[in-house]
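Hi,

Here is the structure I promised to pass on.

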2 protein chains.
Amino acid sequence: MNHIIGIDIGGTSVKIGLFDTEGNMTKKWSIFTNKEDNGKYIMKEIYQSLINKKIDLEKVVGYGFGVPGPVVNGTVLQAVNIGWYNYDLALEFSQLVSNSNVHVGNDANVAALGEVFKGAAKGKKDIAMITLGTGIGGGIIIDGHSIEGVFGAGGELGHIVVEFDHPRQCNCGSLGCLETIASATGIKSEFKELAHSGKYHTFLTNIDKPSAKKIFDAAMRGDELSNVVIDKVAYALGYACHMVSLVVNPEVIVFGGGVSRAGEFLFEKIRKEFKEYKFYAVQNTIIVGAELGNDAGMYGAAYMVSNA
Amino acid sequence: MNHIIGIDIGGTSVKIGLFDTEGNMTKKWSIFTNKEDNGKYIMKEIYQSLINKKIDLEKVVGYGFGVPGPVVNGTVLQAVNIGWYNYDLALEFSQLVSNSNVHVGNDANVAALGEVFKGAAKGKKDIAMITLGTGIGGGIIIDGHSIEGVFGAGGELGHIVVEFDHPRQCNCGSLGCLETIASATGIKSEFKELAHSGKYHTFLTNIDKPSAKKIFDAAMRGDELSNVVIDKVAYALGYACHMVSLVVNPEVIVFGGGVSRAGEFLFEKIRKEFKEYKFYAVQNTIIVGAELGNDAGMYGAAYMVSNA
């Protein structure tokens, strides 16, 4: 039986999935991300791990990679968490495995491909995905392929500026990016700021160290302050959906990442905000949660191989 | 010699261009847009015009059309200025000319393709175009093909909401769309509103009937009120460029349409506003004016045939 290998490289671990050529995952495991010497050992350790797992490389038709940074034509422009700069991953790994069928994409784009392949947007050709984690990533898939962009910034939806009145500084240098409002970090910052303002009541006690999950839970139980925070998150995400819809008009917008575990409580609010924008043609865009969780990257990486 | 026919259908006239297969325009003319009976005679009149011009249809390899409305798979979903609804233009014209190689696109998308083919973005594969006319249209080209979107709304950049504090109503139903600020109509409305507020000085006398051109001319000559208006136009367009760049990260953003005749005076201001957004990967996006003027649609229509 022939295989596809789908690999999702993160700052902490490398997730490796073994797939059949239909895209069914038959095995998965992970190894530690060795960031020593600017990540120069990672490719060799992935190769070694495949050998250790007794994968017959002769039967691997191709390899897909998702990496945490912008990618153009198989080269990682930068992955700051790992230490790669202008790193030709495709070439390096191709040589190790003696197989030139190696595909590389940005992790958020690759996760979006995963949801198209086997998840919430299965069978759809045009989708956007917004991943709400510590930061915010995004991926735009048109006709089954992700939009890399000329500098690898296609789908960098976390850095759309959405807050003008009282913006917080974003790591990118701008003020008021979506990420400063609707990421887990943004939600916590907003909660703390408003808690100290004393304008709204909250029954949460540890106001300086809230978790995004606790804020969502409190909002669901009617906490005033938490609801103000989450309503702003929904407003900002509804605005982002509107904007993405007017640029590429996808059929589905998928929300993934840890924050999206808030589920329908959050999605309903986003849909309501989105409907405030009236341009007729995008009113029917579907907004849903992701389905593959942490496996999306491996699925998407495999999809790049099977859809090449 | 074989030909390609590129046709740009507007609310007033239909522009018809004859091209060689290299995409050189060898002849162009226009006919009146007959809107009688919901535009049912337009296709026949285009066909008749080709016959009148003694075009040998046997030597036409294909036909391209730009139309003023959303298009999906050759069908015009609606063209309100003409009266078409769910009009299968590709099928209808194919039958008239006994040639199935007929391509149809939204006029703004098609103009963007024209600029890629022979204009300001010649040879680029990923671009965005923003057309500043009475309204605002837009087109997104990725890998040489325009993004139609699932409901034909790809590139509908005029309806991105950019004004939150004192928004004006847009025809689409939303408040504060880009079109209400940076179209010719928006520029005139903004000028009138501010003129009546009396907050800024202007040497323009006919403050209730300014033209966008007069406002630009006055701004260039130092008129205070006109500069306030144009600075806001540039801010809104800079914001739109930032946003488009974070969604699809094009290499070039091209400004076309009547308002773009203001040229470098406007583009310099837009570039300055765009640079206020700091996300590194999009800082080098190139912002330029269109080159093909009213011929862009015909060129783009021909490009759809030659790039099919």
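In the hairpin of strand 2 and strand 3 of chain A, 4 residues sit between the strands, and Gly23(A) takes a positive phi near 90°. Bear in mind that this is a predicted model: local features need pLDDT of at least 70, side-chain atom pairs count only at pLDDT 80 or more, and totals for chains, interfaces and linings use all residues. Residues are numbered from 1 along each chain as its sequence is written, while chains are lettered from A and ligands numbered from 1 in the order in which they are written.

Strand 2 of chain A and strand 3 (residues 25-32) run antiparallel, joined by 7 bridges (strands pair if DSSP finds at least two bridges between them). Gly17(A) has Lys28(A) in strand 3 as its bridge partner. Helices (H or I, at least four residues) and strands (E, at least two) are DSSP runs, numbered from the N terminus.

Over in chain B, helix 9 (residues 264-274) has Leu266(B), Lys269(B), Ile270(B), Glu273(B) and Phe274(B) buried. Buried means 20 or more other C-beta atoms within 10 Å of the residue's own, exposed means 12 or fewer, and partly exposed is in between, with C-beta atoms placed from the backbone. Down the axis of helix 9 of chain B, the buried residues fall within an arc of 135°, so they line one face of the helix (the arc is that of the directions from the helix axis to the C-beta atoms). They pack against helix 8 (224-248) and strand 13 (286-289) of chain B, whereas the face turned away from them carries the exposed Glu264(B) and Glu268(B).

Also in chain B, Met298(B) is found in helix 10 (residues 296-306). Met298(B) counts as buried because it has 27 C-beta neighbours inside 10 Å. Leu18(B) is 280 residues from Met298(B) in sequence, but their C-alpha atoms are 8.7 Å apart. Leaving out residues up to four places away in sequence, Met298(B) touches several others, including Gly6(B), Asp8(B) and Lys28(B); contact means C-beta atoms, placed from the backbone, within 7 Å.

Last, the two chains meet: 36 residues from chain A and 36 from chain B take part in the contact. Helix 8 of chain A gives the most to chain A's side, with 7 residues.

Cheers
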